[in-house]
Amino acid sequence: MIKLAVLGSTGSVGTQTLQVVEKFKEEVEITALVAKRASEKLLHQVIRFKPKIVVSYEIPSKQWLSYLPSETEYLHGDSGLTEAVRISDRVMNAIGGVSGIKPTNVILKEKKILLASNKESIICLGDIVKKNRELIIPVDSEHSALFQLMHCVNREEIKCVYITASGGPFKDWSLEEMKKATVEQALKHPRWNMGAKITVDSATLMNKGFEMLEAVNLFNLDMEKVKVVIHPESSVHGAVQLKDGTFLMHVGKTDMRIPITYAVFYPQRKNYPFGETSLLSLSPLHFEEVDESKFKAISLVRTVSKKGGAYIPALVGADEESVDLFLKGKIGFLDIVPMVERVLEKVNIPAPKTVEEILFTVEWARKQVKEIYEKEYAKVG
Ligand SMILES: NC(=O)c1ccc[n+]([C@@H]2O[C@H](COP(=O)([O-])OP(=O)(O)OC[C@H]3O[C@@H](n4cnc5c(N)ncnc54)[C@H](OP(=O)(O)O)[C@@H]3O)[C@@H](O)[C@H]2O)c1
């Protein structure tokens, strides 16, 4: 029996993880569920899966607590999260955004298997991730694909790797049109149904930039060997180009439950329990170059990767705050990446060495975005 904790259980990846567990009830025990709020959804999950521990960061009402099954203990905040990790073998970190950084550190410190969905932590905790690679199974569909493909060949055979991008909702829009893009339009991802922050990151292509940084940390690759290609169908999740000029591709449905199942059971491969798949249904497959004059996040990430140090957590913090301002209707879609760029221009702090220093840098960058917004946008708005 696999003892699995799900952090961020009420979100998009968390919910799909529980759908997978539902199909393999005899083989997985949910030990703990963790979310931000003591919401109705979390309560329903607890009643359904009866974990040993439930954790929230919001203080629950007496009534909420009264509905908990007798098997389940309520624990609060960071100490609850640490306990949830301790009693598990594998931990899915599907917490959204920079709030996932500390949990990834706890999971790896406790030497548990990390099912790595939260990408902000894989990017920011570079050195810790690199030291603990054998404990990490990627969940992002692109990295799950590369993880599987790279196990098929010797490293010397690999020329480069490709991460695919659907291109998001604005792939074919002009810059003039993108300038007027609304929150609702940005949240309409053509292929994936995900949380709000990653959906906006997919529209700016910052998500692909983050995935490039993730690939560098997870697979010990030089950034020059990590390429991005637009693939509107999102059926090919990743590809490895070999030195003889051929490509190995990982192709499948756009269903996050596939990489989630792979990570939960790795190294065992399970049957797909959510219907049939056929190669014909995945046809046709198209590939296009990224228009980097429109999607500047990609070249920005390459620069940040070269600079390293404080630039990486600053990129992640500034992006999170800028996306938040966009989602609140305070800045425009085309303000997001330039806002991040401006914060990066201000970076003059030493490379963070500890997790505390990394978190400090993330928060520093968020504060810079707030300050730029207050000075330049709030007054005008
Ligand atoms: N969605 C996808 O298909 C997908 C694919 C690949 C990678 N990822 C990555 O996976 C992560 C999660 O994405 P998502 O789309 O599933 O996000 P989401 O739908 O927004 O869900 C976020 C989850 O995190 C919880 N959470 C937020 N802040 C928290 C905090 N401070 N402490 C504890 N829990 C907190 C939320 O709890 P509440 O519900 O109580 O707010 C919710 O359960 C992100 O890093 C994303 O980039 C997602």
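How do the residues of the shell around the ligand divide into nonpolar, polar and charged? The shell comprises 10 nonpolar, 13 polar and five charged residues, where Ala, Val, Leu, Ile, Met, Phe, Trp, Tyr, Cys and Pro count as nonpolar, Asp, Glu, Lys and Arg as charged, and the others, Gly among them, as polar. The model is predicted: local features need pLDDT of at least 70, side-chain atom pairs count only at pLDDT 80 or more, and totals for chains, interfaces and linings use all residues. Residue numbers run from 1 along each chain as its sequence is written.

The ligand is surrounded by 28 residues, the closest being Gly8, Gly11, Gly96, Met194 and Gly195; a residue is near a molecule if its C-beta atom, placed from the backbone, lies within 6 Å of it. Two or more residues are given to the shell by each of α1 (12-23), β2 (28-35) and α6 (119-124), with helices (H or I, at least four residues) and strands (E, at least two) taken as DSSP runs numbered from the N terminus. The largest share, three residues, comes from α1. Domain 1 (2-138) and domain 2 (141-255 + 273-303) each supply at least three residues of the shell, the bounds coming from an automatic or database domain assignment.

The axes of helix α4 (residues 77-86) and helix α5 (residues 101-109) come within 10 Å and cross at roughly 40 degrees. Axes are lines fitted to C-alpha atoms, for helices over the stretch in contact, and angles run from 0 to 180 degrees between N-to-C directions. Leu81, Thr82 and Val85 of α4 and Pro103, Val106 and Ile107 of α5 make the contact (C-beta atoms, placed from the backbone, within 7 Å). By class, this contact has five nonpolar, one polar and no charged residues.

Key. Two residues are in contact if their C-beta atoms, placed from the backbone, lie within 7 Å.
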